[in-house]
Each structure stands twice: as structure tokens, then as C-alpha cells.
Amino acid sequence: MATYSIYHAGISLNTFQKFTLAQEITKIHANVTGAEAYFAQVIFKELDLHDCFIGGVLLDEPHIFLSGQIRNGRSEQIKKQLLVEIEIAIQKITKLAGHQIWAYLDELAPSLMIEYGQILPSVGSDKAWFATLPVSIQNKLTRLNS
């Protein structure tokens, strides 16, 4: 699954903003990659404004760092589209400017990821993987996609 960790400093995100951002990132991930929505998770962590430095100098303005871990096997075009669309969504929801947002994608081999008690499938093998899950997990994931 894709895990998008959002670290923010100098800007407080309320529950509605977090919910909206999580929904938007999930939608973007599903639309761009073709993966089911349940293959995306979003985690938020607020940092103190004095915790972030660039070039050894305190970054003293509001900012967001997004670190996305995705399964490898996607084209450069898809990865670029993910980054651009997510950055636009962050700008829209937080009202931050582009220079206040950093976003990175890391690719992991699916064989190095385990979720729902199963090693994750390679890109394109999602349906076969889903069929191997216990029915209770299938039902839970199906509800998440609704």
C-alpha cells in the first residue's frame, strides 16, 4: 500500500483539513495508479516550527513535507503525476504556496511490505491478492472503497 506521511510545521491542520487532504490524496492515488482506494493511507504528524532546517538554517515559515512510500513498478509519468496532483491538493487545502511544500516518493518492492497479514502484490496483481485475503478483511476493504 501507499503510505503518505505528512509532516507539517508552522501550520495547524484541523480535523476537517486532515480529512479533506486524506480523501484527496486517496482519490489521487487511486485515479492515477489504478489501485483500489484501500491501497492508500495518510498519516499526519505536527512538528514544532523550530524542528526544521534547510542548509543548516532554521526554516522559519509554515511548511509541509510529504513522504510517500509506494510499490515499485510504476512509470515515471505516473510518479510525476502523483507528485504534481498531490502538491496541488496540498496547496488548495492548506493555502500554502508551492515553495512551502516538499514532496518525495520512495519506491518499495512489494515483497518487502506486509499488510492485512499478507505480503503485498506486485503492481497489476491486486485482484489475485485480494482473493487470498480472509472474507472478513475483504468485506472491510470493500467497505473502505464505498
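Me: Which residue, with a positive phi, follows helix 2?
Reply: This is a predicted model, in which local features need pLDDT of at least 70 and side-chain atom pairs count only at pLDDT 80 or more, while totals for chains, interfaces and linings use all residues. Residues are numbered from 1 along each chain as its sequence is written, and side-chain values use heavy atoms, leaving out hydrogens and water. Helices (H or I, at least four residues) and strands (E, at least two) are DSSP runs numbered from the N terminus. With its phi near 70°, the residue that follows helix 2 is K95.

Me: Within what arc do the buried residues of helix 2 fall, seen down its axis?
Reply: Buried means under 20% relative accessible area, exposed over 50% and partly exposed in between, with a 1.4 Å probe and protein chains only. The buried residues of helix 2 are K79, L82, I86, E87, A89, I90, I93 and T94. They line one face of the helix, because their arc, taken from the directions from the helix axis to the C-beta atoms, is 165°.

Me: How many residues apart in sequence are the parts that F39 and W129 tie together?
Reply: Rings of Phe, Tyr and Trp (its six-membered ring) pair if their centres lie within 6.5 Å, with planes under 30 degrees apart stacked, over 60 edge-to-face and the rest tilted. Four such aromatic pairs are found in the whole structure. The F39 and W129 planes meet at 45°, with ring centres 5.4 Å apart, so this pair is tilted. F39 lies in the loop between helix 1 and strand 2 and W129 in helix 3, so the parts tied together are separated in sequence by 90 residues.
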